[in-house]
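Trainee: Could we go through this model together? I'd like to learn where the labels on it come from.

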Amino acid sequence: MEEKTRSESYRRRRRSSLLDRDIMVPALIESLTKLDPRWQARNPVMFVVEVGSVITTIIFIAGLFRGASDSLFVGQITLWLWFTLVFANFAEALAEGRGKAQAAALRRARTDTTARRLVGGREERVPSSQLRKGDTVVVEAGDLIPSDGTVIEGIASVDESAITGESAPVIREAGGDRSAVTGGTKVLSDRIVMEVTANPGETFLDRMIHLVESASRRKTPNEIALNILLAALTIIFMIAVVTLQPFAIYAGTSVTITVLIALLVCLIPTTIGALLSAIGIAGIDRLLQRNVIALSGRAVEAAGDVDTLLLDKTGTITFGNRQATEFVPAPGITMDRLVKTAELASLADETPEGRSIVSLARRFGADGHQQAGMAFIPFSANTRMSGVDVDGRSIRKGAVDAISTWCGCPTPKQLPEAVQERVEAIARSGGTPLMVAENNIVMGTIHLKDIVKPGINERFAQLRKMGLRTVMITGDNRLTAATIAREAGVDDFLAEAIPERKLELIRKEQADGRMVAMTGDGTNDAPALAQADVAVAMQSGTQAAKEAGNLIDLDSDPTKLIEIVEAGKQMLITRGALTTFSIANDVAKYFAIIPAMFFVALPELGALNVMRLTNPSSAVLSAVIFNALIIVALIPLALRGVRYRPIGAAALLRRNLLLWGVGGIIAPFIGIKLIDIIITAVHLA
Amino acid sequence: MVVELIGVALTFIAVAIGAWYLGGFMVKVFTGGRTFLHPVLRPVEVGFYRLSGIKEDHEQSWILYTIAMLAVQVVSFILTYLILRLQDHLPLNPMAFSGVAPDLAWNTTVSFVTNTNWQNYTGEQTMSYLSQMLGLVLHNFLSAATGIALAVALIRGMSARKLKTLGNFYVDATRAILYILIPLSVIAAFVLISQGVIQSLDPYQTAHTIQGSTQTIAVGPFGSQEAIKDLGNNGGGPFNANSAHPFENPNGFTNQFEIFLELLIPFALVVTFGKMVGNIKQGLAIGGAMVAIFVVASGIAIGAEQVGNPALTAVGADQSRTSTQPGGNMEGKSVRFGPVYSANFAASTTGTSTGSVDSSHDSFTPIGGMVAMVLIQIGEVAPGGIGAGLYFMLVFAILAVFIAGLMVGRTPEYLGKKIESKEVRLASLAVLIDVLIILGFTAIAVLAPAATANGGGPLNPGAHGFSEILYSFSSQVGNNGSAFAGLSGNTVFWNTLGGTAMWLGRFFEVIPILALAGALAGKRVVPAGAGTLGTDRPLFSGLLVGVVLIVGALTFFPALSLGPLLEHFQLAANHLAH
């Protein structure tokens with residue numbers, strides 16, 4: 001809970017810094033430099049607008065020399081066509097600006113430091129840029145970690161805020177899944193020896209900077225497909241517009257090039273064409289604001305498509321440790337006695353289980369304290385029990401078979417029948433039974449249970465509505481797993497999971513055509529991460545895990561997967577909404593421009609002027625202005641994304657079709673009419 | 001009026017019932033199932049394969065399927081072209097017609113090969129019985145079978161079959177002819193002949209009129225031709241007047257029966273589609289969109305024709321309906337049918353790719369005529385030509401899924417198959433080609449001086465003349481075959497350009513669609529879930545209609561505004577150029 005608040009406040013901090021002048025001013029400048037046709041050529045829709053703008057500019061200038069009567073009109077059209085391009089560029093530059101600001105902040109963390117390299121047992125000081133893979137380096141409190149690496153000796157607390165934004169230090173130690181350290185982070189205490197795992201320019205920080213900066217460069221598969229559709233629509237409308245001139249000539253009239261270009265620009269899908277790249281960049285950026293680094297835009301897009309979520313039980317679904325939930329006295333023993341004995345046995349037990357027993361006992365009114373004369377027996381893997389010897393009382397608690405042996409019953413079968421039954425019932429329900437005994441007499445049983453995180457049930461119900469299947473992964477036996485799975489409301493579970501079975505499960509899901517997402521942090525997760533379609537590696541995880549993932553969660557929060565899926569969906573919805581809107585807009589534009597085109601020669605077509613626009617010039621101009629302004633109006637939406645609601649595909653489609661499809665048909669009728677009223681009032685046409 | 005509307009409604013109900021059963025029957029035919037016709041027809045089928053060396057089990061990739069399809073078209077094209085050119089040297093020519101001129105033979109042969117049946121000639125004054133029966137009727141079957149085969153190939157590509165192949169063109173076409181087209185046209189021919197449609201191999205009859213003059217009455221073996229003309233969405237009638245001729249379409253019943261025949265297979269294929277992809281609702285959603293467009297279009301056309309010509313009302317003519325007069329716009333219509341049945345026929349013949357007519361579309365009110373034109377321009381998808389309607393509608397379905405499907409937050413998929421760059425490229429290409437050829441060829445025709453050479457070109461000035469040209473290319477590219485007949489088309493210019501438009505409209509259209517089928521074939525199917533776009537719901541039908549209208553029809557809005565729309569407003573304002 002606390003963790004969440006912290007990352008939230010951090011998120012706010014980053015977000016607020018994004019709309020300031022540091023981003024706006026460069027974006028404005030860039031929107032002009034991006035008018036370079038070589039840049040525009042990447043985007044067929046906007047390239048057509050640029051070619052049109054150049055042509056009308058030439059017509060305008062030529063008209064000035066000839067003293068053409070329509071120069072005011074042509075000039076205004078030209079101006080608004082250029083505006084259309086600038087607005088599109090601005091949207092893209094703004095989206096990129098956020099990433100650039102982020103990259104600049106990261107770059108500050110990548111200052112060159114001096115590393116203490118160990119060569120043959122001797123330390124030598126070298127610039128961090130000279131470190132190579134396999135070098136061994138010593139880092140002490142106060143030092144910046146010079147490069148990515150694995151701790152091979154020692155334990156230290158490390159401030160990783162330069163990368164995660166999280167100010168609370170984390171522990172890094174040799175061996176296990178917390179051995180990875182990242183260049184640019186700072187050791188706060190102690191001393192570690194690490195092995196460098198990345199060459200200069202390939203470190204995590206380098207990759208992150210590169211990713212953030214180049215987010216716009218590579219198009220995702222869906223973006224490419226959408227671009228093809230937009231290009232095809234552009235060609236279709238070009239055919240419609242180009243052939244209109246011969247038809248007009250046949251009808252005994254003709255249309256000026258300026259008006260034809262205006263019609264073409266209004267019809268081709270400029271709204272989505274202008275905002276498409278910004279939407280993609282903003283999608284990656286939104287994840288960045290949630291402290292998730294997308295190693296490719298493809299991963300974000302794939303996140304929206306995920307069908308199956310593999311979630312680790314521990315830490316994601318449950319709190320990650322078993323807690324005492326129930327005391328069951330043995331026959332002839334009072335509850336009070338059991339509670340007090342259990343509390344005594346656990347007073348010195350600092351494991352989460354031990355503490356949970358004490359806190360449960362306190363709720364039953366026990367109030368024991370550690371006192372002099374208490375000899376605590378620590379837990380050992382050998383005896384599998386712990387306890388205390390005090391005042392001649394010998395108290396033990398531990399695994400059922402260990403305690404029964406201690407009590408003199410070689411097998412649990414020889415325990416009192418009631419106790420036996422209870423033990424079996426607890427095990428059947430998926431819990432873990434612990435037994436408490438005093439002086440070889442069984443006092444009773446403690447029911448230890450995995451506690452499912454509150455609210456997780458609703459979360460899974462929501463996921464189900466989103467069309468996602470959740471599969472819980474756990475090392476527990478089937479019985480325990482089934483209980484937790486039922487309680488948490490997951491759709492399926494994989495018990496006694498070992499890395500191979502995890503991998504097998506992913507392959508099987510994929511063979512059925514499903515896309516799989518998972519999180520992981522350990523080295524043994526790496527093969528599964530590499531196989532999954534969307535693989536979120538924890539920043540706290542090992543190097544191997546991070547290399548296998550295609551997204552990295554800096555907060556190392558496994559529930560983040562759900563937000564990632566939402567972000568992916570949001571990006572796709574935003575694209576779809578603006579594409580639909582853009583195409584639906586065309587209806588009104590036809591009704592504005594077609595009657596205006598032929599107003600003089602074929603006045604009967606004035607009947608199509610359903611908006612009652614003032615005159616042909618104002619009609620064409622209004623449509624072009626609307627077309628340009630709608631881009632600006634939709635920039636915030638493109639950057640923010642259309643909200644995703646987990647209400648099921650059918651309801652979502654109905655809602656969005658109404659909003660963006662039907663709305664897209666109606667909105668321009670109103671918008672164009674309003675603009676017409678204004679430009680008529682100020683005598684611009 | 002009420003009686004006629006009931007007649008229209010009954011026709012639609014009959015189509016629905018017929019399509020349901022035929023659709024299921026076709027599933028069996030094309031998935032190698034056994035039908036009740038097998039005991040009789042299977043030996044014929046096997047015998048044919050053995051004679052022609054077709055390997056029944058040989059699966060073809062989309063490229064091989066395309067090559068096989070084109071090869072059949074080219075060979076049959078050459079055959080028919082030669083028959084037409086040489087008909088004076090061949091038997092069954094009792095009226096001793098001369099060989100058909102090269103440009104007309106090109107236009108006519110292409111026209112029949114492509115299922116267009118555009119007719120720049122007067123059948124009873126040009127074609128020998130052999131030309132009609134072998135040269136043309138052959139294609140009435142073959143082109144219809146080709147359409148069915150192509151639709152089935154696309155369905156196979158879209159279905160969950162694991163194969164990367166599309167089936168075997170020769171087998172599909174053979175089965176379409178043998179199990180579907182022949183049995184149905186035999187039944188239909190008997191029904192039509194029983195109602196008075198002519199079936200005779202005699203020479204033309206000479207009648208002595210009351211005034212004492214003589215009149216030549218053309219006859220022929222036309223009952224059988226009439227059946228496949230409508231059933232196969234061909235539309236090329238033996239008589240110039242087509243289904244307005246009493247020997248082709250004697251009464252109100254045959255009129256509605258012919259409408260039934262036109263609509264039967266296109267709608268049945270929708271059922272076949274639903275069943276072959278394993279979810280009949282998918283077919284119903286597609287069919288729903290077709291019905292919506294078709295019914296609204298029919299309604300507008302019927303309304304426009306029944307209301308009649310405002311210019312006539314303005315000068316005091318009474319066009320209202322009385323007990324003895326059908327009222328409405330009766331110019332170019334038969335009194336047997338009146339405005340309602342005629343408009344219904346027009347919508348059916350252009351909603352499908354039939355192109356037969358029971359009245360003169362050229363004489364329709366501008367709005368009535370525009371309905372016919374728009375139904376063709378949107379690619380004939382309501383319900384569309386035999387096979388062609390389904391495959392073109394599926395192209396729109398893919399575009400609809402791609403445009404709006406993103407709004408549910410997944411990369412678009414149709415029938416569980418992801419729609420990616422390749423599919424979008426091919427689907428867009430199909431739509432683009434349609435627009436390019438119709439508008440491009442119309443632009444050439446309105447500008448080229450050659451268009452008006454030798455008395456060719458539109459007979460009417462102004463907007464209506466433009467409509468005639470626009471309609472002609474819409475119809476030829478769409479492989480419809482109906483016309484605003486005020487266009488003189490039997491000149492070298494129109495024959496050549498039109499023939500080219502038909503060829504491109506059919507085969508350029510089909511290649512991207514078969515490639516699309518190839519791209520989809522064998523693609524991994526993603527199981528549907530709560531997050532999947534439901535393409536089997538009425539909402540999707542609505543979306544599909546929207547995409548057809550906005551992407552398909554709006555492109556033609558500028559052109560239409562200079563044709564029928566302009567004419568309509570001029571008529572309303574009484575400004576018509578005479």
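What follows is a chat about a predicted model, taken label by label.

Trainee: Let's start inside chain B. What makes up its two domains?

Mentor: Domain 1 of chain B covers 2-206 + 216-276, and domain 2 takes 282-572. Their centres, taken over C-alpha atoms, are 21 Å apart.

Trainee: How many residues of each domain are in the contact?

Mentor: Domain 1 of chain B gives 77 residues and domain 2 of chain B gives 73. The cut-off is heavy atoms within 4.5 Å, so those are the residues that pass it.

Trainee: Why is an area quoted for an interface?

Mentor: Because the size of an interface is often given as the accessible area lost when the parts come together. Here, domain 1 and domain 2 of chain B bury about 5800 Å² between them, and 71% of that lies on carbon and sulfur atoms. On the domain 1 side, B:E4, B:W118 and B:M158 lose the most area, together 13% of what that side buries.

Trainee: Which elements of domain 1 of chain B touch domain 2?

Mentor: Those giving two or more residues are α1, α3, α4, α6, α8 and α9 of chain B. The largest share, 14 residues, comes from α9(B). By class, this side of domain 1 has 39 nonpolar, 29 polar and nine charged residues.

Trainee: Now for the two chains. How many residues are in contact there?

Mentor: 58 residues of chain B are in contact with 65 residues of chain A. Between them the chains bury about 5100 Å², with carbon and sulfur atoms giving 77%. B:M407, B:L539 and B:L562 supply 14% of the area that chain B buries against chain A, more than any other three residues.

Trainee: Why is the meeting of A:D305 and B:K418 called a salt bridge?

Mentor: We need a side-chain nitrogen of Lys or Arg within 4 Å of a carboxyl oxygen of Asp or Glu. For A:D305 and B:K418 the N to O distance is given as 4.0 Å, so the pair counts as a salt bridge. The count between chain B and chain A is two salt bridges, along with seven residue pairs in polar contact.

Trainee: Which element of chain B gives the largest share of the side touching chain A?

Mentor: That's α15(B), with 14 residues. This side of chain B has 38 nonpolar, 14 polar and six charged residues.

Trainee: Last one, on chain A. How do you know that β1(A) and β2(A) pair?

Mentor: Pairing takes at least two bridges, and six join β1 (residues 114-119) to β2 (residues 122-127) of chain A, so they qualify. The two strands run antiparallel, and A:V119 stands opposite A:R122. They form a hairpin with two residues between them, and A:G120 in the turn has a positive phi of about 55 degrees.

Trainee: What makes β3(A) a partner of β1(A)?

Mentor: Apply the cut-off of at least two bridges again: β1(A) and β3 (residues 136-140) have three, so they pair, in the antiparallel sense. Along that pairing, A:L118 stands opposite A:T136.

Terms used. Residues numbered from 1 in each chain as written. Chains lettered and ligands numbered in written order. Predicted model: local features only at pLDDT ≥ 70, side-chain atom pairs only at ≥ 80, totals over all residues. Heavy atoms only, no water. Domains from an automatic or database assignment. Buried area = accessible area lost by both parts, 1.4 Å probe. Helix = DSSP H or I, 4+ residues; strand = E, 2+ residues; numbered from the N terminus. Nonpolar A, V, L, I, M, F, W, Y, C, P; charged D, E, K, R; others polar. Polar contact = N/O pair within 3.5 Å; in protein donor to acceptor, adjacent residues only side chain to side chain.
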